Amino acid sequence: MEMSYEPQELRDLILYMMSQHQINAVQSLSKLIGWHILSSCTHVGVGTIEPLANASSIILASPAGDRVIVVKCGPQTGTQVSIQSAPRKDFYPGQLVKDMRWENLGGNFKEVRWDKMEGKNFLNKMELLMASLTNY
């Protein structure tokens, strides 16, 4: 493998490695806290297309299974975190769906305002988010 000495190419490589590292760090943290990994992908093919490399993502479920966190990291687009809760607060039985068990299906994902969260760095913010969403 031949590496270039161009500053832009080295910068792009470092940004790509940082986004991969963040997903791996979330994966390790989730195992430590007790969250379940539903999916982990290092080359996401949906959403905003990255101009220089592929984005990575991970989907986590809380220990009780009532919360889901989705993290997507890209070299150019940055980090996007969304959460989903169940049981749904807006579920009302109707004529078609009468059984209350369907309230346990999660609703829409809500994006977390990452810049407004407490924490010094990415991993610290993820730890605080997972801890606040965990209920035993």
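## Basis of the description

Contact here means heavy atoms within 4.5 Å. The model is predicted, so to speak of local features pLDDT of at least 70 is needed, side-chain atom pairs count only at pLDDT 80 or more, and totals for chains, interfaces and linings use all residues. Residues are numbered from 1 along each chain as its sequence is written, and side-chain values use heavy atoms, with hydrogens and water left out.

## Sheet

An open sheet is formed by 5 strands in the order β1-β2-β3-β4-β5, with antiparallel pairing. Because β1 (36-44) and β5 (110-111) stand at the edges with a single partner strand each, one side of each has no neighbour in the sheet. Strands (E, at least two residues) and helices (H or I, at least four) are DSSP runs numbered from the N terminus; two strands pair if DSSP finds at least two bridges between them.

β1 pairs with β2 (residues 55-61) in the antiparallel sense over 6 bridges. His36 stands opposite Ala61 in β2.

## Helices

Helix α1 (residues 7-33) lies across β1, β2, β3 (67-74) and β4 (78-85), at about 10° to β2. Helix α2 (residues 122-133) lies across β2, β3 and β4, at about 165° to β3. Axes are lines fitted to C-alpha atoms, for helices over the stretch in contact, and angles run from 0 to 180 degrees between N-to-C directions.

Leaving aside neighbours within four places in sequence, Met126 is in contact with Val26, Leu29, Ile69, Val71, Val81 and Trp114.
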